[in-house]
Amino acid sequence: MFNILVVDSIENELNHLIFMLEDYKATNTDFDKILNIIDANNETDANKILQTEKIHILFVSSDFDKIAFDTYKQNRDLLIVSVSKERQRLKKWYTDQLIKPFKSEFFNLRLRSYLDILIYKRIDISDFERKIIYDLSLVSNLYLFWENYSNARRTNQHEIVQAIYSLALSQIDRGISSKITVTENNEFLAFQLETRFNPEFVFELKQIQKICNFYVNENMIEFEVNLISNENEKLDEYEDFALEYLNYDRLEILNNFVSEHNVIEDEALIEEFEYKISSANDFSREDIKNYIRRKRGQSNKRYIFMDQVDMKIFEDLLVKFKEALYNSNKNTKENISIDSLEIIVHLFADLSQILSIYPMAKAVTKGLDDMGERLLSQGRHISEIGKEAVVCLEDVFISLSLWHEHLSKREDLSFDLINDHLFNSFEMAKNKLFNC
């Protein structure tokens, strides 16, 4: 028996989704006796059901995103589907996203794929090996394809994999075998679905076209995923960190940091803004993001290396770094807390943003980004290391402080004063920190 929970605060939309599920049961007798549909229209009832019942598929409206987040933290195997009126970035804890209003044909196609995934999750697939070409005359190879590629958060990869899975599964139900070819290099990931076209398949293909782009070449459908790093990938790294250590409210703070903010367009407001942050005692992450975006947008201007505003931001970040490093352990230097690591990760990201507009600081920017990423992925381990981790991070703080001091005393503002000592301090600290 598979339990499906539907959570939506709007009663008529909740009932509509329940009706579509019941209609699927009525028209697909193979699933009629193994599907149990449960509903809730508020957070309290939904949480009670999730605690008392074993739920396999959770359909949840976008206003209950917190429920999805908390549920995923407790059960990574549960399939969670976001139901919303507008397309949004697919967050880490969602398996898929459905956009209201959705047609029954498209909904049934997706639901069947969810159910098929649940069935194969119960089967130990040990007789298959991962190949570049997936021969779908063996149905389990389709699930193997989904397992290998569905969890990536690169741009539109998840939507493409889900679309291919749905299309291929429908062809298998019709007795038509297909073949999936996956080609990957450092710039793109290409998926090709080779199958025989028929009227039903063409209709389903038109439904998929609303979700993701593809090219048709005779009996071949081609999809492509761009592997170049983007903002969403960075946000996913923060979500991984949040899922491990944070609650939902603190996750929203991280989202606000990484997400785009409004950009000041008027030149007079730009000057006013720069004066404001140059005279401020503290900087918000939104201030820093806006400031960097403005500098990048003014391509006709040549900025000297680390002007007075940048230097003030640099100084402010160092003060916060020192506080996070020493206040977390009350000056004992015996360990560094997860909360302090979170702050330091933000500080590395902010300083990297400041330096990223200067090509001459590329090596330092890369070192900061790498350090932040490693802290995100190994935060718990680093916190458990104890005093040695504190000393390693202290080495980084000292190097940055010395660099800031040298920059403050220079006479030629175009001189970056980046030397081997600074760069090597990053490498030495990383090697010691992450090889403990």
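## Leucine 17 and helix H1

Leucine 17 is buried, with a relative accessible area of 5% (buried means under 20% relative accessible area, exposed over 50%, and partly exposed in between, with a 1.4 Å probe and protein chains only). This residue lies in helix H1, residues 11-27. Helices (H or I, at least four residues) and strands (E, at least two) are DSSP runs, numbered from the N terminus. The structure is a predicted model, in which local features need pLDDT of at least 70 and side-chain atom pairs count only at pLDDT 80 or more, while totals for chains, interfaces and linings use all residues. Residues are numbered from 1 along each chain as its sequence is written, and side-chain values use heavy atoms, with hydrogens and water left out.

Not counting residues up to four places away in sequence, leucine 17 touches Val6, Phe59, Val83, Phe102 and Phe107; contact means heavy atoms within 4.5 Å. Leucine 17 and serine 104 are 87 residues apart along the chain, and their C-alpha atoms are separated by 9.9 Å.

## The protein as a whole

The protein has 18 helices and ten strands. Of its 436 residues, 50% count as buried. Among contacts with a separation of 6 or more, 67% are between residues 24 or more positions apart.

The protein exposes about 21,800 Å², and carbon and sulfur atoms supply 47% of this area. Accessible areas come from the Shrake-Rupley method with a 1.4 Å probe; for residues, only the protein chains shown count as cover.

## Isoleucine 38 in strand E2

Isoleucine 38 is found in strand E2, residues 35-40. With a relative accessible area of 15%, isoleucine 38 is buried. Leaving aside neighbours within four places in sequence, isoleucine 38 is in contact with Asn3, Ile4, Leu5, Val6, Ile49, Glu53 and Ile55. One of these, asparagine 3, is 35 residues away along the chain, with a C-alpha separation of 7.2 Å from isoleucine 38.

## Helices H5 and H7

The axes of helix H5 (residues 104-121) and helix H7 (residues 157-173) come within 9 Å and cross at roughly 85°. That makes H5 roughly perpendicular to H7. Axes are lines fitted to C-alpha atoms, for helices over the stretch in contact, and angles run from 0 to 180 degrees between N-to-C directions. Angles under 35 degrees count as roughly parallel, over 145 as roughly antiparallel, 65 to 115 as roughly perpendicular and the rest as oblique.

On the H5 side, Leu109, Arg110, Arg112, Ser113, Tyr114, Asp116 and Ile117 take part in the contact, and on the H7 side Gln162, Tyr165, Ser166, Leu169, Ser170 and Asp173. By class, the contact of H5 with H7 has five nonpolar, four polar and four charged residues. Here Ala, Val, Leu, Ile, Met, Phe, Trp, Tyr, Cys and Pro count as nonpolar, Asp, Glu, Lys and Arg as charged, and the others, Gly among them, as polar.

## Isoleucine 117

Isoleucine 117 lies in helix H5 and counts as buried, at 0% relative accessibility. Not counting residues up to four places away in sequence, isoleucine 117 touches Leu79, Tyr143, Trp146 and Tyr165. Isoleucine 117 and tryptophan 146 are 29 residues apart in sequence and 8.5 Å apart in space, C-alpha to C-alpha.

## Helix H8

Helix H8 spans residues 199-209, and Phe201, Glu204, Leu205, Gln207 and Ile208 in it are buried. Seen down the axis of H8, these buried residues fall within an arc of 155°, so they line one face of the helix. The arc is that of the directions from the helix axis to the C-beta atoms. On the other side of H8, Pro199, Lys206 and Gln209 are exposed.

## Residues in loops

Most residues other than glycine have a negative phi, and most peptide bonds are trans. Lysine 100 and proline 101 are joined by a cis peptide bond, with omega about -15°. Proline 101 lies in the loop between strand E5 (96-99) and H5. Glutamate 218 is not a glycine, yet has a positive phi of about 55°. The loop that holds glutamate 218 runs between strand E9 (215-217) and strand E10 (220-226). At 70% relative accessibility, glutamate 218 counts as exposed.

Glutamine 378 lies in the loop between helix H15 (362-377) and helix H16 (379-385). With a relative accessible area of 23%, glutamine 378 is partly exposed. Glutamine 378 and phenylalanine 434 are 56 residues apart in sequence, and 8.1 Å apart in space, C-alpha to C-alpha.
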